[in-house]
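Work through the following exercises with the sequence and the predicted model open. Each task is followed by a solution in steps.

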Amino acid sequence: MPRSNDDVAAALEEMATLLAIAGGDPFRIRAYDKAARALAEHPQDLATLDERGLRAVPGVGAHIAAKVGELLRSGRMAELDDLRAQVPAGLRALLDVPGLGPKRARQVYDELGITSSAELLQALHEHRLRGLRGWGPTSEDNLRRAIAQTQQAGRRLALDVALETAEELVDGLGRLPGTTRAAYAGSLRRMRETIGDIDLLAASDDPAAVMTGFARLPLVAEVRAGGTTKALAFTTKGVHVDLRVVPPASWGSALQYFTGSKAHNVHLRRIAQRQGLKLSEYGLERLADGTTVAGASEEEVYESLGLAWVPPTLREDRGEVEAARARALPRLVEVSDIRGDLHTHTTLTDGLATLEEMVEAARRRGYRYLAVTDHAPMLRMMRMTTEKMLAQRAQVRALQVRGGPALLHGSELNIQPDGSLDWDDETLAGFDVLVACVHSHFTMGRAEMTARLLRAIEHPAVNVIGHPTSRSIGRRPPIDFDADAVFAAAARTGTAMEVNSFPDRLDLNDELARLAQAHGVVLSIATDAHATRHLANIRYGVATAQRAWVTPDRVINTWPLPRLRAFLAKGGRARPAVAG
Ligand code: DGT
Ligand code: CA
Ligand code: CA
């Protein structure tokens, strides 16, 4: 079957899925489904047909033929892009889970409040799904198998799924009697945006005992290619794991080796060779006589090579080795530097938690401030109105208590194709903070898209460009714009760029955030939380910023409130004072 037929069928199937989730008209959903099947099986290459030819395919009417024509011409389908943007973030994340249909995705979202694939896999592990209407132990098994199969087919794991699984496994490994150290390594320790497999490392003088204990951990479903020091396993959540057990004297060199990246390791080995040394997972040895120079800790391995210890998030051979030699590594931003979240949602639009619950969660995190930024009216599915927005503002002001986090009333605006925004300028000036985002028309050309973003950046009330590329990892590519022009304007106007911490966004990504910082742009590391527990996703945004070499001073939500407020005034009229 030609490639274009596959692409068309996939797009139409996704339309049906998203319509089903959004509670769309069942007849339309069925029409998309039927057309997807008919077009997938069509003997001719659809790319050679015009719209009349498409309409001749059984089950394809004028409406669908037009959509397919658009897709074949431009590679995109605007209505599909819009629908993708309108499904709540937490629910969207569930659509990636293989073996979970749209109806069941909606069911676990609504009934169990599950808002990420990581939470779903945890619920699967705890057998909480079998209590739902229509579920049982067999459907749990089927779901687990479907997930494992997809991963074997080469799909990469979301960062949060990998990290939450790895933390639990490391905890289990660490409690085994034979282990002296346990850690995760690989791309996960470097906090790459997606993870191929989880690499675990344990130090022990009794590897056989560790292997036996590992196989018995509640999270481990199956150990395949076993051995005395190596295991390949997969978990009850269907996640693939590589385990190595090393002697304690090799802990540091093994951790260094298995953390990678390969490029970083190659660079280090070159340095070792120049000094007459050999670096491997077993240790750093003198070539002349084979004596071991270092190996027990990573720090001594790096020091013996004349380098400062390099934070794992920097180990991509992007200048960190040179900086380590010059003792000029940056002091990277950390979760403990973050004083508040500047992009969050409540039940007023598509959040799962009330305003009160979100404020309480921010207080419990020890935040000094919290911005509530529910969606604005032009994202129609959100049903936002000016009246609702003003009522929320009054509620925000009333909730402000002495000693609690300062509450900022904001909104997540929609940047229209021409760069205009929701509401008039006077209304916009009444907000404490505004995050402007692209939620539609993702396929505009580069010049037009750049102009669109520039207009939003130049607006005196816009403080942050949220998820600037609007990509969805594995699902929607980034929008195309001239990053140098956009970042230069952001730096000049005092507009921050967001590092959105949602695991399927991570937007800006590491490379763009690094470029933004080079332009002098400041960043807002924000969670885009749609539930109280999403506030904890901040660590994924912080890790992404670390991979971009970001220092705390360049992140506006590490700043004390007065400095943040001065920034939010954007060099113009001071915004209404906020108590707190
Ligand atoms: P992934 O799993 O695809 O997300 O990426 P990694 O980086 O975790 O790669 P993985 O799991 O294949 O290997 C883990 C680490 O082991 C890798 O970051 C560096 C080290 N490593 C693996 N193969 C090689 C190799 O051929 N040469 C060197 N120098 N290091 C390697
Ligand atoms: Ca790996
Ligand atoms: Ca591996």
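**Exercise 1. The shell around ligand 1**

How many nonpolar, polar and charged residues does the shell around ligand 1 have?

Solution. Start with the shell itself: 15 residues surround ligand 1, with Arg-156, Ser-187, Gly-196, Asp-197 and Asp-199 as the closest. Sorting the shell by class gives three nonpolar, six polar and six charged residues. Domain 2 (157-246) and domain 3 (251-325) each supply at least three of the shell residues.

**Exercise 2. Polar contacts of ligand 1**

Find which residues have polar atoms at 2.8 Å, 3.0 Å and 3.5 Å from an oxygen atom of ligand 1.

Solution. Take the distances in turn.
- At 2.8 Å from a ligand 1 oxygen there is a polar backbone atom of Gly-196.
- At 3.5 Å, a polar backbone atom of Thr-259 faces an oxygen of ligand 1. The cut-off for a polar contact is 3.5 Å, so this pair is still counted.

Then turn to the cover: of the 600 Å² of accessible area that ligand 1 has on its own, the protein covers 71%. The elements that contribute two or more residues to the shell are helix H11 (186-189), helix H13 (251-259) and helix H14 (262-274).

**Exercise 3. Two calcium ions**

Solution. For ligand 2, list the donors: Asp-197 (O), Asp-197 (OD) and Asp-199 (OD) coordinate the ion at 2.2 to 2.6 Å. The site of ligand 2 has six donor atoms with angles of 68 to 161 degrees among them, and is classed as irregular.

Distant parts of the chain are linked here: Asp-199 belongs to strand S4 (residues 198-204) and Asp-242 to strand S7 (residues 240-246), 43 residues apart.

Asp-197 coordinates both calcium ions, ligand 2 and ligand 3, which are 3.7 Å apart.

**Exercise 4. Backbone geometry**

Where are the cis peptide bonds that end at Ser-261 and Leu-508, and what is the phi of Leu-506?

Solution. Begin with the background: most peptide bonds are trans, and most residues other than glycine have a negative phi.
1. The bond from Gly-260 to Ser-261 is cis, with omega near -5 degrees. Ser-261 sits in the loop between H13 and H14.
2. The bond from Asp-507 to Leu-508 is also cis, with omega near 0 degrees. Leu-508 is in the loop between strand S16 (496-500) and helix H22 (510-518).
3. Leu-506, though not a glycine, has a positive phi of about 40 degrees. Leu-506 is placed in the loop between S16 and H22.

Notes
Residues are numbered from 1 along each chain as its sequence is written. Chains are lettered from A and ligands numbered from 1 in the order in which they are written. This is a predicted model: local features need pLDDT of at least 70, side-chain atom pairs count only at pLDDT 80 or more; totals for chains, interfaces and linings use all residues. Side-chain values use heavy atoms; hydrogens and water are left out. A residue is near a molecule or strand if one of its heavy atoms lies within 4 Å of it. A polar contact is a pair of N or O atoms within 3.5 Å; within protein, one must be able to donate a hydrogen and the other to accept it, and residues adjacent in sequence count only if both atoms are side-chain atoms. Accessible areas come from the Shrake-Rupley method with a 1.4 Å probe; for residues, only the protein chains shown count as cover. Helices (H or I, at least four residues) and strands (E, at least two) are DSSP runs, numbered from the N terminus. Ala, Val, Leu, Ile, Met, Phe, Trp, Tyr, Cys and Pro count as nonpolar, Asp, Glu, Lys and Arg as charged, and the others, Gly among them, as polar. Domain bounds come from an automatic or database domain assignment. Donors are N, O and S atoms within 2.8 Å of the metal (3.2 Å for Na, K and Ca); water is not among the atoms, so sites may look incomplete. Four donors count as tetrahedral if all angles lie between 85 and 135 degrees; four count as square planar and six as octahedral if opposite donors are over 155 degrees apart and all others between 65 and 115; anything else is irregular.
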